[in-house]
Amino acid sequence: MTILCVGLGNPGDAYSRTRHNVGFMALDALVQCYDFTRFQQKYKGEIATGTIAGHKVMAVKPQTFMNKSGECVSQVVSFYKIPPENVIVFYDELDLPTAKVRVKTGGGNGGHNGLRSLDSYIQKNYVRVRIGIDHPGDKNRVTGHVLGQFDADEQARIDTINTHIADYMGVLLDNNPAEFMNKLAIASRQK
């Protein structure tokens, strides 16, 4: 059975290094680490395929902008008959410190427009890999924060955690989110 890994973000160079695009960044690290095919335009997204720890994986970056991510993902899961529990979504999380990662299945959207769109199209029973981007401290500054770029130190930490996510992705694909998070935590402490 194919596992669908979805990175959430906004298309275009203007958004490529923003906090809201950390899902795209994580997916790029994954695709590069495991020598996936090149991304091709299909189903309102960019799609690449490969194998991780014996699992057939399809990587998708919706090109519909964040608030319409479900349009792309619903077409892919429908065509390839991928159940929601075989969908893993990488996205930015305001309520976690920068580069901290938490994994859970299902739950609310926490005000995240990408998740809201996915929930309306494929229900809520998918795996969520939340990558911390920190909160600006004031709700009135959230939009500017998520659409702003990481500073050099933050970007370095994000690049490092995305490398670790790729390194240990097989653990998550083997349905062991607790061990996956533990390995990320240990790797993050080692310099």
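**Cores and helix packing, group meeting**

Okay, let's start with phenylalanine 90: leaving out residues up to four places away in sequence, Phe90 touches Cys5, Val6, Gly7, Leu8, Gly23, Ala26, Leu27, Leu30, Val129, Ile131, Ile165 and Met169, where contact means heavy atoms within 4.5 Å. Bear in mind this is a predicted model, where local features need pLDDT of at least 70 and side-chain atom pairs count only at pLDDT 80 or more, while totals for chains, interfaces and linings use all residues. Numbering runs from 1 along each chain as its sequence is written, and side-chain values use heavy atoms, with hydrogens and water left out.

So, the cores. A nonpolar core is a set of buried Ala, Val, Leu, Ile, Met, Phe, Trp, Tyr and Cys residues joined through side-chain atoms within 4.5 Å, and buried is under 20% relative accessible area with a 1.4 Å probe, protein chains only. The largest one has 36 residues, and Cys5, Ile88, Phe90, Ile131 and Met169 have the most contacts inside it. Helix 1, residues 22-33, gives the most to this core, with six residues. There's also a second, separate core of 20 residues, with Cys72, Val77, Val89 and Ile122 among them.

Helices here are DSSP runs of H or I, at least four residues, and strands are E runs of at least two, numbered from the N terminus. In helix 3, residues 113-122, you'll find Gly114, Leu115, Ser117, Leu118, Asp119 and Ile122 buried. Those buried residues pack against helix 2 (69-80), strand 5 (87-93) and strand 7 (127-132).

Notes: Buried means under 20% relative accessible area, exposed over 50%, partly exposed in between (1.4 Å probe, protein chains only).
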